[in-house]
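Hello,

Here is the structure I said I would pass on. My notes on it follow below.

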Amino acid sequence: MKPAIELRNITKTFGNVYANRDVNLTVEKGEILSILGENGSGKTTLMNMISGIYFPDEGQIFIDGEEVVIRSPKDAFDYKIGMIHQHFKLVDVFTAAQNVILGLEDKKGFNLKEAEKKVAEIGEKYGFIVDPKKKIYEMSVSEKQTVEIIRVLYRGADILILDEPTAVLTPQEAQKLFAVLRRMRDDGKSIVIITHKLHEVLSLSDRVSVLRKGEYVGTIKTSEADENILTEMMVGKKVELNIERDEPQNPEDRLVVAGLNCKNREGIEVLKNISFTAKSGEILGIAGIAGSGQRELLESIAGLQHLENGEILYNDPKTNKTENLRDKTPMQIRDMGVRLSFVPEDRLGMGLVGNMDIVDNMMLRSYRKGKSVFLERKAPKDLAEEIIKRLDVVTPSASTPVRRLSGGNVQKILVGREISSSPTVLMAAYPVRGLDINSSYTIYNLLNEQKRRGAAVIFVGEDLDVLVELCDRIMVLCGGSVSGIVDARTTTKEEIGLMMTKKKEVQEDAN
Amino acid sequence: MQTNVKHTKEPLITITSRGRDSMPMKKAWGVRAIAIILAFILCAVVIVMVTGYNPLKVYAELFKGSFGSSRKIWNMLQELSMLLCISLAVTPAFKMKFWNIGAEGQTLMGGLAAAACMIYFGEKLPPIVFFPLMLVACVVAGLVWGIVPAYFKAKFNTNETLFTLMMNYVAVQLTSFCIVFWENPKDSNTVGVINRATQSGWLPELFGQKYLLNILIVALITVGMYIYLKYSKHGYEISVVGESENTARYVGINVKKVILRTMAISGALCGIAGLLLVSGTDHTINRDIVGGMGFTAIMVSWLAKFNPVVMSLTSFLIVFLERGAGEIATKFQLNESMSDILTGIILFFIIGCEFFIQYKVNFRKKNKEENV
C-alpha cells in the first residue's frame, strides 16, 4: 500500500537558519505517527509545509504516491489534509456548527440545520461529546479543541495533524482525546501528532519519527522504544531525567496570602478568595488549566494588579517584621527592602525588552540606582558577562539584542537577572515553556539552588510530571479559586488532574 | 486522491521575514544606496520622456539648488537646521510610541509666542531681559500644546494621534486671530516684518552670518538629544515604555509620568523651533510659517531610526531634494508638479527599500525539476 504522505529531502530556511534540512518522512494509512523533537527542532515547520502554511525551499511531497504542490491551506484540504493548530482559530461568538462551516463554499446554499446534524453525527461516530449549538466562549479548552477537530473532519480530512494537542488538557481530558484518535485510526485515517512528551508518544502512537535541530534522526516502532532511547534520539546524547528534591531546611512562613479577590478589566472575578502560605526553603508549585488565575495571582503579589480585598503579608527574615504588600507598586515593594523576584510568563513582552541588548536588559531592575541623571552601564555589563558565562548562554556578545537569542537563552537571561538580586521570594511562571531538555534542567537546578539558599520559590507549571517531581507542595487552582493544596511527595498526577477540573464537576452536579 | 485542482507549479515568489536574523549593517546601507541610484535612474527616464532635457544637466541643477552659491549653502543649512530641530523634538515622543503628529501646531505656538514677545516687548526691554523672557514664553507655549494631549492620553487613554492633529488646527486659528490684531500695514491681513527698523528682538548675527546662531543652537540640541536618549535614565525609560508598556509596569516605571514628561520635552523643543523660525529667520508670523515641517519631521525621525546624528543626514537629504526640485522647476520653467514628481519617486525608493531590508524575497529556482 502506498503511504498517505511521503516527504523527500524537504528543506526550509528562515534567513540563514535551517528550520528543516533534508527531511524524509512517511505517514502510513491508518496509523498514528508521533513527530517527536525538542522545541525548535522543526516539527511544526515541517507540518506547516504539509498543511500549506509554509512552502518548502527544496524537496518533494507525495500524497498517495503522487507528487503534489501544496501552496495554501485550501490546497491541503483538497488533498484531504487537515491540521489542528496549537492556538485555536475559532470565532468566539459563533456556535460550534457555525465555526465548522465557516469559510466553506457550498453551492447548495447555507444550511445550518444540516450542518448541526452532521457535526453531531461526526461526534457520535468517534465518541466526541459536542453540542453543535453551544457558543465557543462558553466552552472549555478541550471542547474548543473538539470543535477544531470536527471542523477538519467535516471537510473530509483523511490525514489529521495535531500540534501539541495535550498542552492545554488535563490528564483525564488527554486520555479522552487519545481514545478518539485511536477510533479514528481504526476508521482508516492517518493521524500525526506533534509532541515533546515521551509518555504520550509511548502510550498513543504506532511509530515515532524524531527530529533534532531541523534534521531527521530516524523512525522507530513504539513497541520497540522506551523513554531512554527516545530521549537519546531527541537530544543526541544520554540525559539524566531525574530532578533533585531536597527536604526543605527550616521552613518559615515567608509570604502569607489571605482572602485575595481580584477582578479583571471586564469586571469578571479572576481570583476568588485565595489563601496560601509560601515558606522559605521550599518550592510551592501552582497547577491548573491555563487561565485559571495563575497570571493574576503572581501579578497581584508583584504589585501589578488592583485587588478587591485580601492581604499579602511578607515576613522579613532580617527584621522579623511583617509588612502588607497589598496595593503597593513594584517600586514601593522594592523600596521596602522586599527582595521579590518575578519571572513572568511573557518573557519578551514583560520580563525583557526584545529590542534592547543583554546589558540594557540587565539594568531594567536596577537602572535607578544612584542620584546621577545618567545611566551606569558598568555593573550591568559585568552582570551580563557573568550570567552568560555561568548559565552557558549562547550569544555573539553581551550587546546582542535579546530577541535574536533562542527561547532557552532568553529565559536564562531573564532567570539569571531575577536571581542575581538574591531574592527571598522567587516567582516563576511557566519558566521552561518552549525550552529544550537541557535548558529546562538548567532552570530546575536554578530553582533548586534558590530553594537551598532559603528563598520561597513559587513555581507555576503546566507539566504535571515535573510539578510532582520538583515541588514540595502543590496548590491547584481551578477557575480562580484554590481547589486544594497537596503534598507533592505523596500525590499523583491523576489526583491533581481531578482537582484542576473539580469545580466544574461540582457545578454540573448542582445543575 | 480525488481532486479537481492540481497545481503543477510552485509559487513564483515567496516572501519570508528575516526575523531574528536581520541583515548586516553594511549590506543594509548597500541596499539603500542602490535604491537611491535606481531612483535617480527612474527620474532620468521620466525627465527625458516628459521634457526631453538631458537628465545629467537636470541633476546638475538639482545639485546647484543646495550648493550653487555660498548664499544657497547658508540657506540650505538654515532649512536643514529648522527641519532637524523639529525632527529632534518629535523623536522622544515617537521613540515612546506616542504618535505625536502635532509638531506643526506646537512649533506654530512657539512662533506665535516669539512674535508676541517681539511685538510687545522687543523695543521696550533690554536684550539681556528680553531673550530669556522670549525663550521661556516659547518653551511654555510649545510645552502646553504638547502636554495637553499627553495628559488626556495618560488620564483617559484618548487617542493621541487625533488629539495632536486637532491641536494643530487650534494653533492655526489662534494665529489667524492674532494676525488680525497685529496686522501691519492695516488691512493687509499680514503681520509684515516685525521691528524692521530697529531689528530689536531679532536673534543676533554671528560673524556676519545671520543664520549661524540658529545652526549652532540646533547642533547643540542634536548632541544634547543624542546624549539624553542614549545615556540618561530618562532616555532609558522612554525606550522601555516605547518597546513594551507591560515591561515598564513590571519594573515599576510610572508610565503616565514618563508620557507627560516626554511630551513636555517634545513640545518645549518645538517651541524653541518656533522661536528660531520667527526671531531667528523670518521675523514675522503667518499661518503657514512652519510649512509642513512638523509632518516631514516625522519621516526624518523614522528614516533615521530615531538616532539624532543620523537624523542630520536624513534631514539633509529631504532639504537637498526639496531645494533641488525647486531649482529645476524655475531653471527649466517646469511646472512645480514636476519637481514634486521627482521628489516623490526618490522618497518612494528610499522608504520602499526598507521592505527589502526587513524581508527576504525568494524566487522559484529555475534549475529545479518542475513538478509533474
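Strand β3 (residues 32–36) of chain A pairs in the parallel sense with strand β8 (residues 190–195) of chain A over five bridges. Strands are DSSP runs of E with at least two residues, helices are runs of H or I with at least four, and both are numbered from the N terminus; two strands pair if DSSP finds at least two bridges between them. Leu36(A) stands opposite Thr195(A) in β8(A). Four bridges also join β3(A), running parallel, to strand β9 (residues 207–212) of chain A, where Ser209(A) is opposite Ile35(A).

The model is predicted: local features need pLDDT of at least 70, side-chain atom pairs count only at pLDDT 80 or more, and totals for chains, interfaces and linings use all residues. Residues are numbered from 1 along each chain as its sequence is written, chains are lettered from A and ligands numbered from 1 in the order in which they are written, and side-chain values use heavy atoms, without hydrogens and water.

Five of the five residues of β3(A) are buried, so the strand is largely enclosed by the rest of the structure. Buried means under 20% relative accessible area, exposed over 50%, and partly exposed in between (1.4 Å probe, protein chains only). Ile32(A), Ser34(A) and Leu36(A) point one way, Leu33(A) and Ile35(A) the other.

Lys74(A) forms a salt bridge with Asp78(A), with the closest N and O atoms 3.6 Å apart. A salt bridge is a side-chain nitrogen of Lys or Arg within 4 Å of a carboxyl oxygen of Asp or Glu. Lys74(A) is exposed at 54%, while Asp78(A) is partly exposed at 22%.

Regards
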